[in-house]
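Hi,

Here is the structure I promised to pass on. Have a look at it first, and then read on for my notes.

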Amino acid sequence: MARIYHLSRKSSLALRQRRDHLFKQIEVFPDLLRASYVERFSACGKRQCQCRHGGAKHGPFYYLAQSLAVGRVNKFLLKTDAQKQSARRGIEHYRQLQEQLEELSQINTELLRRADILPGE
């Protein structure tokens with residue numbers, strides 16, 4: 001869910017300055033990932049294993065899951081610590097970019113509502 005920025009109380013000049021500052025700060029990292037980092041515990045296939053009779057499950061196992069389309073998910077096991085760290089970093093970079101773009105969009109929406117001319121017009 002997007003964060004709501006309370007912009008209606010700020011002057012148009014302050015909004016334009018914030019927008020310019022945000023635009024200069026936006027950095028697109030090459031490792032960004034739109035995905036989820038999933039931790040799972042699971043039962044094995046052995047009939048006599050404790051995991052099938054109320055005991056502790058096996059794990060944790062870490063997966064990267066990415067929704068592609070309706071009913072389509074790309075998911076795979078992260079086997080090494082380097083993969084896990086890289087996945088968490090890429091997901092965080094995506095979250096940061098998304099947050100910056102959301103604030104920029106809300107500022108532009110408020111300026112448009114005020115009938116201020118947006119750059120590029």
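Below is what turned up, going from the whole chain down to single residues.

One thing to keep in mind: this is a predicted model.

**The whole chain**

The protein chain has two helices and three strands, and from the N terminus the order is α-β-β-β-α. With a radius of gyration of 22 Å, well over the 14 Å that the globule rule gives for 121 residues, the protein chain is more spread out than a compact globule. You can see this in the C-alpha trace too, which spans about 70 × 25 × 25 Å along its principal axes.

Buried residues account for 22% of the 121 in the chain. The accessible surface is about 9,200 Å², and carbon and sulfur atoms make up 52% of that. If you take the contacts between residues at least 6 apart in sequence, 59% of them link residues at least 24 apart.

**The strands**

Strand β2 covers residues 58–69 and pairs with both of the other strands. On one side, six bridges tie β2 to β1 (residues 36–42), and the two run antiparallel. Within that pairing, Glu 39 sits opposite Tyr 62 of β2.

Six bridges also connect β2 to β3 (residues 72–77), again in an antiparallel arrangement. Here Tyr 63 faces Leu 77 of β3, while Leu 64 has Phe 76 as its bridge partner in β3.

Is Gly 90 buried or exposed? Its relative accessibility is 0%, so Gly 90 counts as buried, the cut-off being under 20%. This glycine belongs to helix α2, which runs over residues 81–113.

What does Gly 90 touch, once residues up to four places away in sequence are set aside? The answer is Asp 31, Leu 32 and Leu 33. Leu 33 is 57 residues from Gly 90 in sequence, yet the C-alpha atoms of the two are 4.8 Å apart.

Cheers

Conventions: Residues are numbered from 1 along each chain as its sequence is written. This is a predicted model: local features need pLDDT of at least 70, side-chain atom pairs count only at pLDDT 80 or more; totals for chains, interfaces and linings use all residues. Side-chain values use heavy atoms; hydrogens and water are left out. Two strands pair if DSSP finds at least two bridges between them. Helices (H or I, at least four residues) and strands (E, at least two) are DSSP runs, numbered from the N terminus. The radius of gyration is taken over C-alpha atoms; the globule rule is 2.2 Å times the number of residues to the power 0.38. Buried means under 20% relative accessible area, exposed over 50%, partly exposed in between (1.4 Å probe, protein chains only). Contact means heavy atoms within 4.5 Å. Accessible areas come from the Shrake-Rupley method with a 1.4 Å probe; for residues, only the protein chains shown count as cover.
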